[in-house]
Amino acid sequence: MIKKAGYLLFAMFYYLSRLFPRDRKKIFLVATHDDSPEGNIGITADAIRQREEGYRLVWFTRRDRITDPVNFFIRKAYHLATASYVFLDNEFLPMAYLHFPKSVKVVQLWHGTGTIKKFGQDVNTGALGKLEYRANQNITHLVVNSEEVKAEYASAFGVSEDKIYPIGLPRTDLLLDSRFLEDKRGQFLDQYPQVRRKRCILYAPTFRDSEVDSPGIHLDLQKMSDRMGSEDVLLIRLHPHVAQKISWEEDRWDNIINVSEYPGVTTLLAAADVLITDYSSIVFEYCLRNKPMIFYAYDLEQFEKEGRSFYRDYRSFVPGKVVRSTEEVLECLQMAGENKSAAFTKQMFDKLDGNATLRLLELIF
């Protein structure tokens, strides 16, 4: 009820601000998931600054809080009301109570490059589902990687397929740029010199709705530390909500590093030689590196029956071995294993030319 009141108050100031003339070169950027230079919004903003003259960029991030009501309700509502372009990497629920002029372009880039688990309208019900649906009706352009996923995204966002544009997402451009990856890997090694000449194993599990109040790390870290090879180091990248709730003992292990607060996920993917994940969309980015992946799905049956479930058969879809225990993870790390990234990439991406950001600018501007 309190959140709804906040959304309505934002809408009130939005409509009051509609009395001011709209700026045809103002862009409102909603980056509440990833406002780093490596996120879809950050890459797009940088490209706009370089290629499009005279545009003004106004950001809305997780740092914009209701606790600063003048900024949140008045300044941001004013800028949104007077913008001609809106780019988002997440849901922005105040939009459920807003209607934009037809000339305003509302571009949803989302924060996942693809999806394994169901999301949005396919899982959210009740008041949240209704708010999401109403907010999404403002979308004019929903950008995805391929024709393969159009039906899934249309269902998840509750929009028609004619609003979906399979031109590729900006963040994939970085992962297709070998010079960028080399620079980022070097940057990471400079920051963590202890992992130089090591095999970097990145563990990046997805967030589980059932663990909102009591999240945990379900990989046995002590066993991993004891049994990994002397050339191995494990990097832990937890979802922000989980990372906030987990107490971490620094320096407990010399071969395990918590990188949950590291600002650039793409940098971590550049540094990683192996990825361990489960149902996360990070697989759609790491597959572009054509390196091994292990799918640690310890709660697979529960997730299928009681959690979000999947758009496709999980076991046959993911490009790597599915394992259920820490022991099996260690066994996979000791063996070369089958790398199915190339076939997966071919299926899930229409274009792999590193020009997704340029196509986006051409489409919108």
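How many disulfides does the structure hold? It holds 0, a disulfide being a pair of cysteine sulfur atoms within 2.5 Å. Keep in mind that this is a predicted model, where local features need pLDDT of at least 70, side-chain atom pairs count only at pLDDT 80 or more, and totals for chains, interfaces and linings use all residues. Residues are numbered from 1 along each chain as its sequence is written, and side-chain values use heavy atoms, with hydrogens and water left out.

- C200 is in no disulfide, and the nearest cysteine sulfur, that of C332, sits 19 Å away.
- C200 is also buried (under 20% relative accessible area, with exposed meaning over 50% and partly exposed in between; 1.4 Å probe, protein chains only), with a value of 0%.
- C287 is likewise in no disulfide, and for C287 the nearest cysteine sulfur is that of C332, 19 Å away.
- C287 counts as buried too, at 2% relative accessibility.

**The parallel sheet**
- Six strands make an open sheet in the order β9-β8-β7-β10-β11-β12, with parallel pairing.
- Strands here are DSSP runs (E, at least two residues), as are helices (H or I, at least four), numbered from the N terminus; two strands pair if DSSP finds at least two bridges between them.
- At the edges are β9 (256-258) and β12 (321-323), each pairing on one side only.
- β11 (residues 293-296) pairs with β12 in the parallel sense over 3 bridges, and I294 stands opposite K321 in β12.
- β10 (residues 274-277) also pairs with β11 in the parallel sense over 3 bridges, with T277 opposite F295 in β11.
- Both faces of β11 are covered: M293 and F295 are buried on one side, I294 and Y296 on the other.

**Cavities**
- A search of the whole structure turns up 3 cavities of 30 Å³ or more.
- On a 1 Å grid over the protein atoms alone, a cavity is a set of points where a 1.4 Å probe fits but cannot get out; a pocket is an open set with protein on both sides within 12 Å along at least five of seven lines, and lining residues have an atom within 4 Å of a point.
- The largest cavity has a volume of about 90 Å³, volume being the space filled by probe spheres set on the points, which are joined across faces, edges and corners.
- Its lining has 13 residues, of which P205, T206, R208, E211 and G216 lie nearest the centre of the largest cavity.
- That lining splits into 7 nonpolar, 4 polar and 2 charged residues (Ala, Val, Leu, Ile, Met, Phe, Trp, Tyr, Cys and Pro count as nonpolar, Asp, Glu, Lys and Arg as charged, and the others, Gly among them, as polar).

**Second largest pocket**
- This pocket holds about 380 Å³ of space.
- Of the 17 residues lining the second largest pocket, I43, D46, A47, L174 and T357 lie nearest its centre.
- α2 (40-51), α6 (170-175), α7 (178-191) and α16 (356-364) each supply at least two lining residues, and α2 gives the most, with 6.
- By class, the lining of the second largest pocket has 6 nonpolar, 5 polar and 6 charged residues.
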